[in-house]
Structure formats: C-alpha cells, structure tokens
Amino acid sequence: MIDLLLDIAIYGIIVSAVSFLVIFFITPPFIKYLNKKGKLVVDYHKPGKPNVPRPAGPVLLIGIVVSEIILYFLIQDTKIISVVLSTIIAFIIGYIDDRKTMPGWFKPVALIFAAVPIIVFGSHGNSLGLIFDSAFIPILYIPLILAIMPIVGNTINSIDVFNGVASGFIIITMMPLLVSVILFGNITVFLMGLPLLFGTIAIYQYHKYPSRIFLGDSGTLLLGSMYAGLSIAGNSEIIAVIALLPAVMNSFLFLASVKKIVEHREVKTRPVSISEDFRLVASKERSAPATLVRLILARGPLSEQEIITKILILATFSSVLAFISIVIQYFFMKGIISL
Amino acid sequence: MRLFDLVMLIFIMWIMIMIVSYFLIFIIGPLHIEIFHNSSDRLITSMIKASSAIGLVVVLILLLGMLKTKYLQKILLRK
C-alpha cells in the first residue's frame with residue numbers, strides 16, 4: 001500500500017513538474033515568436049488599447065501532451081490516450097477558429113468529434129453519478145458524452161472575456177474535480193488531471209492581468225475539453241457542472257437572450273460598454289444579451305481588474321458548493337446517510 | 001454586497017440541481033411499470049424513465065430561464 005502511494009506521489013510530481021516547467025519556460029519565447037509574426041489582437045479594455053500576442057493554445061498543448069505521454073509510459077492506461085486525443089481535437093478546432101473566423105455553429109458542432117475518442121476507447125463508465133446515487137444509463141450515456149464535450153468546451157471559451165479569467169477559473173474549479181476523481185473515479189484519471197492543473201498554473205503567470213498572451217480559442221477549447229474529458233473518465237460529471245456553475249450560467253444567459261448559437265462578435269447590441277476612464281458599464285438596452293459580466297456590472301461600473309476578481313470569487317463559491325456536493329455524495333455512497 | 005445577488009442565484013441553481021438529482025434517483029429511478037407482463041415492460045419502463053429525466057432537465061432549464069428574466073427585470077432594467 002505504501003509502495004503504491006509512493007509510486008502515485010512520484011508519478012504525480014513528475015507529470016506536474018514537466019507540465020508546469022515546459023509551459024512556464026517555452027511561453028516567453030513563444031510570446032516573442034508571436035510578436036515577430038504579428039499574431040496580435042487588441043486588448044480593448046486598457047488605455048492605449050495595447051496589442052497582445054495570441055494564441056497560447058500551442059504551448060499549453062505541448063506541455064500537457066508531453067506530460068501525458070510520460071504518464072502513459074509509466075501507467076499504460078488507454079484512458080490517457082483517449083483524453084489526450086480529445087484534447088488535441090479540441091485544440092485543432094480552436095486553432096482553426098483562431099486562424100480563420102468561423103461561423104457560430106462551428107465550435108459546438110465540431111467539438112462533438114472531440115468526444116469520440118472517449119467513447120471509442122471506452123473511457124467512460126455506464127453510470128452517471130447523481131449525488132445521492134448513480135443512475136445506470138449505458139445507452140443514454142453516449143449521447144450525454146457527445147453533449148458534455150461541446151457544452152463544457154464552449155462554456156470555458158465564453159468565460160474567457162478578461163485577462164486571466166479562463167485560466168484562473170480552471171485552476172480554481174480543478175480542485176473539487178480532482179478530489180471528486182480520487183473519491184469516485186480512479187487514481188489514473190487523477191494523475192491525468194495534474195498536468196492540466198499545473199500547466200494552467202504556469203500559463204496563468206502570463207495570462208493574468210495584465211495579460212502578456214491571450215489563450216485564444218485553441219487554448220480555451222483545449223482547457224474546457226480536457227476538463228470535460230477528465231470529468232467523464234473520472235465519474236465526476238455533476239461535480240464538474242456544479243464547479244463550473246458561474247460559467248454555465250454565463251453561457252445559458254447568453255443563449256437564452258440571443259436564442260441562437262452565435263459568436264459574441266456577431267451580436268449587434270453589446271452587453272457592456274467602456275467608459276472614458278476605461279471602466280466597464282452594463283448596457284441598459286433590452287435587446288443586449290444577458291451575460292455574467294453584464295449582471296456583475298448591473299449595480300454600477302467597475303474596472304477590468306475588479307470584474308476579474310469578482311468572477312474568480314464566484315468560481316470559488318461554486319467550487320465550495322462542489323466540495324459540499326462531494327461530501328454529500330461520499331456519505332451517501334458509503335451509506336453513512338440514507339433517505 | 002454587489003455579488004450577493006449572483007451568489008444567491010448560483011446557490012439557487014445548485015439547490016435546483018440537487019432537487020433534480022433527488023427526483024431522478026428516488027422517484028424516477030425505482031419506477032417500474034407493468035402493462036404486458038413480459039420483457040417489453042422493461043423497454044417501456046426505460047423509455048418512460050428516460051423521457052421523465054429529459055422532461056425534468058427541460059423543466060430545470062425553463063425554471064432557470066424564468067429566474068434569469070426575473071433577475072434581469074429586478075436588477076438591470078428597473079433603472
């Protein structure tokens with residue numbers, strides 16, 4: 001038992017360190033490369049509207065995939081291959097969108113393909129954990145996986161509106177997911193999650209306010225799809241949904257307002273505007289889509305940094321709710337509580 | 001205080017997820033319907049269970065939509 005725990009600890013440290021160090025050290029030269037190639041976008045929320053390099057997706061992919069390959073050689077579990085393939089497919093979809101402006105339906109539809117490796121390799125279970133017990137739904141589970149991947153991928157993509165929000169959000173919400181995966185999934189999936197957590201911590205150093213690099217669609221779809229893949233392979237789907245509630249709410253509010261799948265840039269009435277002192281103001285237009293940021297700004301204008309802090313506070317709150325759900329689910333699973 | 005409304009909104013969403021989970025596990029899960037007293041009963045029960053579960057999720061989404069509209073009217077559009 002002690003030997004097993006020691007192995008897990010060593011593997012965990014290796015893959016975490018590789019992911020963190022690779023991303024931390026290759027990002028600065030990659031920023032220089034993007035600057036040199038002119039792959040820059042305007043950061044509209046800051047005075048002077050500086051140009052920021054984009055995307056950080058390739059460095060995230062390299063760091064995470066290298067550490068997952070190392071983990072595969074150590075453990076040799078096909079779950080690793082399936083989640084890595086899903087992540088790579090999501091990255092490619094995002095990268096296409098980074099290079100060429102695609103219509104609104106492209107990402108949600110294309111991300112269905114990112115779910116295929118999980119199904120083909122059989123990395124999913126047949127039961128859906130529903131806090132109080134599990135529901136055995138072997139057939140219904142397949143379409144559910146096909147839906148989870150695009151929903152989570154796009155949810156993380158749509159929350160990436162300010163410096164460091166998407167990466168900060170993933171770091172916070174990975175905590176309950178990893179705990180849930182240990183309790184209700186298995187150790188392999190837990191180890192698979194560490195490169196995502198530590199890779200995201202590394203990129204956060206460059207993505208946080210003021211951003212030196214933007215994640216781009218390739219980065220956010222990669223993060224979201226891998227998060228979804230881990231939650232499916234680790235039997236922790238509902239816990240993941242609870243942890244992501246502020247982001248889910250953001251996507252839901254947007255969809256419920258515009259009533260169709262469109263890119264944010266395609267929306268005619270903007271949900272927020274920028275004042276002369278570069279504070280953000282909520283739109284009073286009825287036709288403007290409802291978004292999380294618009295609701296945060298409903299009681300008055302805020303600076304970009306203040307909004308970022310508030311979104312991350314909401315992520316922390318939803319993660320606490322996810323932890324409470326984990327405790328309830330664990331007690332029910334062990335028969336300590338029953339109804 | 002600015003975040004209190006949103007924190008409450010997220011809390012209500014969590015409660016709604018818990019209620020739906022409860023219904024799925026304790027009400028819909030144990031459901032068993034016998035009509036023909038043969039193997040087709042299992043298929044019918046599964047179809048009813050799946051439809052009920054999907055219906056419940058649709059109700060959840062509609063309730064969230066109503067919650068959003070109320071919240072928007074209360075906070076954003078009253079000024």
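Which residues does Met249(A) touch, not counting residues up to four places away in sequence? In this predicted model, the contacts of Met249(A) are Leu292(A) in its own chain, together with Ile10(B) and Met13(B) of chain B. Met249(A) lies in helix H11 of chain A, which covers residues 245-258. Met249(A) counts as buried because 25 C-beta neighbours lie inside 10 Å, and 20 or more are required for that class. A separation of 32 Å lies between the C-alpha atoms of Met249(A) and Gly48(A), two residues that are 201 residues apart along the chain.

Within chain B, Ile17(B) is found in helix H1. Ile17(B) is partly exposed, because 19 other C-beta atoms lie within 10 Å, whereas a buried residue has 20 or more. The C-alpha atoms of Ile17(B) and Leu60(B) are separated by 8.0 Å, although the two residues are 43 residues apart along the chain.

The next topic is helix packing in chain A. Two packed helices are described by the angle between their axes and the distance between the axes. Helix H8 (residues 187-207) of chain A packs against helix H9 (residues 216-233) of chain A at an angle of about 160 degrees, and their axes are 10 Å apart. H8(A) is therefore roughly antiparallel to H9(A), since an angle over 145 degrees falls into that class. The crossing in which H8(A) passes H9(A) is left-handed. From H8(A), the contact draws on Val189(A), Met192(A), Gly193(A), Leu196(A) and Thr200(A); from H9(A), it draws on Leu223(A), Met226(A), Tyr227(A), Leu230(A) and Ala233(A). This contact of H8(A) with H9(A) has 8 nonpolar residues, 2 polar residues and no charged residues.

H8(A) also meets H3(A). The axes of these two helices come within 10 Å and cross at roughly 40 degrees. H3(A) and H8(A) are therefore oblique to each other, and their crossing is right-handed. Lys79(A), Ile80(A) and Val83(A) of H3(A) make the contact with Thr188(A), Val189(A) and Met192(A) of H8(A). The residues of this contact divide into 4 nonpolar, 1 polar and 1 charged.

Which residues have the most contacts inside the largest nonpolar core? They are Tyr227(A), Leu230(A) and Ile242(A), in a core of 107 residues. H8(A) gives the most to this core, with 10 residues. In soluble globular proteins, nonpolar side chains tend to be buried together.

Finally, the backbone geometry deserves attention. Most residues other than glycine have a negative phi, and most peptide bonds are trans. The peptide bond from Arg54(A) to Pro55(A) is cis, with omega near 5 degrees; Pro55(A) lies in the loop between strand S2 (51-53) and helix H2 (57-75) of chain A. The bond from Tyr209(A) to Pro210(A) is also cis, with omega near -15 degrees, and Pro210(A) is placed in the loop between H8 and H9 of chain A.

A positive phi of about 55 degrees is found at Gln76(A), which is not a glycine. Gln76(A) occupies the loop between H2 and helix H3 (78-99) of chain A. Asn235(A), likewise not a glycine, has a positive phi of about 50 degrees and is found in the loop between H9 and helix H10 (237-243) of chain A. Are these two residues buried or exposed? Gln76(A) is exposed, with 10 other C-beta atoms within 10 Å, whereas Asn235(A) counts as buried, with 21 C-beta neighbours inside 10 Å.

Conventions: Residues numbered from 1 in each chain as written. Chains lettered and ligands numbered in written order. Predicted model: local features only at pLDDT ≥ 70, side-chain atom pairs only at ≥ 80, totals over all residues. Axes fitted to C-alpha atoms, helices over the stretch in contact; angles between N-to-C directions. Helix = DSSP H or I, 4+ residues; strand = E, 2+ residues; numbered from the N terminus. Parallel < 35°, antiparallel > 145°, perpendicular 65-115°, else oblique. Left-handed = near helix turned anticlockwise from the far one by under 90°. Contact = placed C-beta atoms within 7 Å. Nonpolar A, V, L, I, M, F, W, Y, C, P; charged D, E, K, R; others polar. Core = buried A, V, L, I, M, F, W, Y, C linked by C-beta atoms within 7 Å. Buried ≥ 20, exposed ≤ 12 C-beta atoms within 10 Å, placed from the backbone.
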